[in-house]
Amino acid sequence: MIRYLTAGESHGEALVGIVEGMPAGVPVTPANLDEHLSRRWLGYGRGGRAKVERDQVKVLGGIRFSHTMGSPIALLLPNAAYEKDRTGWPEKMAVTGDGEGIERITLPRPGHADLVGAQKYGFDRPPHGPDVRPVIDRSSARETAMRVACCSVARQMLRALGIEVGSHVVRLGEVGLDDPADWAEDRDALLAEGGARALYEKADQSEVRMLSDELSERTIEHIKATKKAGDTLGGVYEVVATGVPVGLGSYAQGDRRLDGRLAQAILSIQAQKAVEVGDGWRAGRRPGSEVHDPITRDDTDGVARWGRESNHAGGVEGGISNGQPLVVRGTMKPIPTLIKPLGTADLVTGAAQPTRYERSDVTSVPAASTVAEATVAWEIAVALLERYGGDTFEAVRERIEADRERGL
Ligand SMILES: Cc1cc2nc3c(=O)[nH]c(=O)nc-3n(C[C@H](O)[C@H](O)[C@H](O)COP(=O)(O)O)c2cc1C
């Protein structure tokens with residue numbers, strides 16, 4: 001079993017992560033982790049923090065001579081804003097003391113964890129409140145930086161086994177495409193050329209991580225107009241994994257289903273509201289003859305290679321990977337911090353008040369798509385190690401290769 005934990009607050013000194021259970025011998029360097037962390041900053045319409053902060057992970061344990069050691073991997077990501085933006089974060093987030101004289105935040109923001117978090121953990125009342133700062137700081141998507149770092153360790157293992165995970169954005173607010181048939185040709189050409197890595201490298205060239213230049217341009221105009229109107233945008237992205245062997249996940253118990261786990265991987269990310277696997281919600285509108293993928297078999301090289309004529313299932317049947325590319329889409333809601341105020345009420349006085357604007361992005365869908373790549377990669381690694389796991393990477397690789405020789 002592999003697992004990871006993150007700790008730390010958005011404006012605290014640092015984020016901390018521990019990755020546990022990875023086999024020994026997986027090739028990983030800090031630069032491999034930074035590669036995906038820097039991709040998380042991508043995206044037109046990102047403001048504020050994205051401009052001041054660039055992440056570089058520090059490995060404190062578990063990796064030696066560029067390979068995992070089988071021991072827990074300890075990661076550290078300092079928050080550059082903590083010291084740099086000189087607005088008193090060391091005092092506001094002090095580990096000791098009683099916070100005397102520190103400004104309390106008493107206006108919970110709609111669409112955030114602020115109010116429910118304060119009600120749940122007692123920050124809506126004395127002795128620790130009213131002050132929603134502790135909720136804001138841990139529920140913030142800043143945490144996804146450490147998640148990306150942790151998941152990137154698993155991603156390195158997948159890469160060394162020929163498994164890649166990539167993503168692209170298909171819709172931002174009112175601009176975009178809805179039917180996978182409309183982008184399948186562009187996407188599949190990239191997958192054929194260089195797997196899901198070619199897909200994400202192409203998407204990274206667009207400021208909104210879209211495959212079509214024309215759509216990218218229209219989307220950027222849409223973001224500009226939305227910003228002017230003081231509003232924010234959500235959107236839809238697609239995550240694809242290639243090189244995934246047959247047989248990850250299981251129908252034998254609900255919590256082993258790969259599709260269920262991929263859905264959790266997406267919905268575990270802040271502000272993600274829907275997941276589709278393969279045809280997704282469109283499968284409910286079409287007759288079976290247009291949804292199910294006819295089975296094919298090829299014996300030309302003496303090995304029975306089973307395939308599918310199409311991939312409406314998104315690479316999973318019966319909760320098990322079928323060797324086709326895994327395809328899942330996530331929908332992110334618009335960012336809840338708007339220039340245009342929304343209604344709320346003060347925790348102290350109870351008086352109705354408009355929200356106060358804080359520096360925030362217009363949209364984070366391109367960034368969220370890279371976080372979703374990371375969490376999807378993690379779930380694939382979990383299922384892969386359940387099937388092929390061993391104490392050493394070599395043992396895992398040998399087992400997978402033996403299956404591949406059998407056509408799986
Ligand atoms: C990559 C990413 C970036 C985000 N950036 C912001 C932001 O700049 N401002 C903001 O108010 N919310 C931002 N959010 C959303 C918040 O994290 C917030 O937790 C979320 O909307 C709370 O709603 P939930 O119940 O859906 O998680 C971001 C989310 C993600 C995944």
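**Exercise 1. How are H7 and H12 oriented to each other?**

Solution. H7 and H12 are oblique to each other. Here is how to get there.

Step 1. Know the model. This is a predicted model, in which local features need pLDDT of at least 70, side-chain atom pairs count only at pLDDT 80 or more, and totals for chains, interfaces and linings use all residues. Residues are numbered from 1 along each chain as its sequence is written, and side-chain values use heavy atoms, with hydrogens and water left out.

Step 2. Find the helices. H7 covers residues 143-160, and H12 covers 365-388. Helices (H or I, at least four residues) and strands (E, at least two) are DSSP runs, numbered from the N terminus.

Step 3. Take the axes. Those of H7 and H12 come within 8 Å and cross at roughly 45°. Axes are lines fitted to C-alpha atoms, for helices over the stretch in contact, and angles run from 0 to 180 degrees between N-to-C directions.

Step 4. Classify the angle. Angles under 35 degrees count as roughly parallel, over 145 as roughly antiparallel, 65 to 115 as roughly perpendicular and the rest as oblique.

Step 5. The crossing of H7 and H12 is left-handed. The term left-handed applies if the near helix is turned anticlockwise from the far one by less than a right angle, and right-handed if clockwise.

Step 6. List who touches. On the H7 side, the contact includes Thr 144, Arg 147, Cys 150 and Cys 151. On the H12 side, it includes Val 371, Trp 378, Leu 384 and Leu 385. Contact means heavy atoms within 4.5 Å.

**Exercise 2. At what angle do H12 and H13 pack?**

Solution. Step 1. Read the geometry. H13 spans residues 393-405. It packs with H12 at an angle of about 85°, with the axes 10 Å apart.

Step 1. Classify. H12 and H13 are therefore roughly perpendicular to each other.

Step 2. Name the residues. Leu 384, Leu 385, Arg 387 and Tyr 388 of H12 meet Val 396, Arg 399, Ile 400 and Asp 403 of H13.

**Exercise 3. How many disulfides does the model hold?**

Solution. Step 1. Apply the rule. A disulfide is a pair of cysteine sulfur atoms within 2.5 Å. The count comes to 0 disulfides.

Step 1. Check Cys 150. It is in no disulfide, and its nearest cysteine sulfur, that of Cys 151, is 6.6 Å away.

Step 2. Check Cys 151. Its sulfur has its closest cysteine sulfur in Cys 150, at 6.6 Å, too far for a bond.

Step 3. Look at the surroundings. Cys 150 is buried, at 0% relative accessibility. Cys 151 is buried with a relative accessible area of 0%. Buried means under 20% relative accessible area, exposed over 50%, partly exposed in between (1.4 Å probe, protein chains only).

**Exercise 4. Which residues of H10 are buried?**

Solution. Step 1. List them. In H10 (residues 258-267), Leu 258, Asp 259, Arg 261, Leu 262, Ala 265 and Ile 266 are buried.

Step 1. Find their partners. The buried residues of H10 pack against several elements, among them strand E9 (235-242), strand E15 (326-332) and helix H12.

Step 2. Zoom in on Asp 259. Its relative accessible area is 17%. Leaving aside neighbours within four places in sequence, Asp 259 is in contact with Val 277, Val 316 and Gly 319.

**Exercise 5. Which residues have a positive phi although they are not glycine?**

Solution. Step 1. Take Phe 65. Its phi is about 50°. Phe 65 lies in the loop between strand E4 (63-64) and strand E5 (67-68). At 65% relative accessibility, Phe 65 counts as exposed.

Step 1. Take Ala 271. Its phi is about 75°. Ala 271 is found in the loop between H10 and E10. At 22% relative accessibility, Ala 271 counts as partly exposed.
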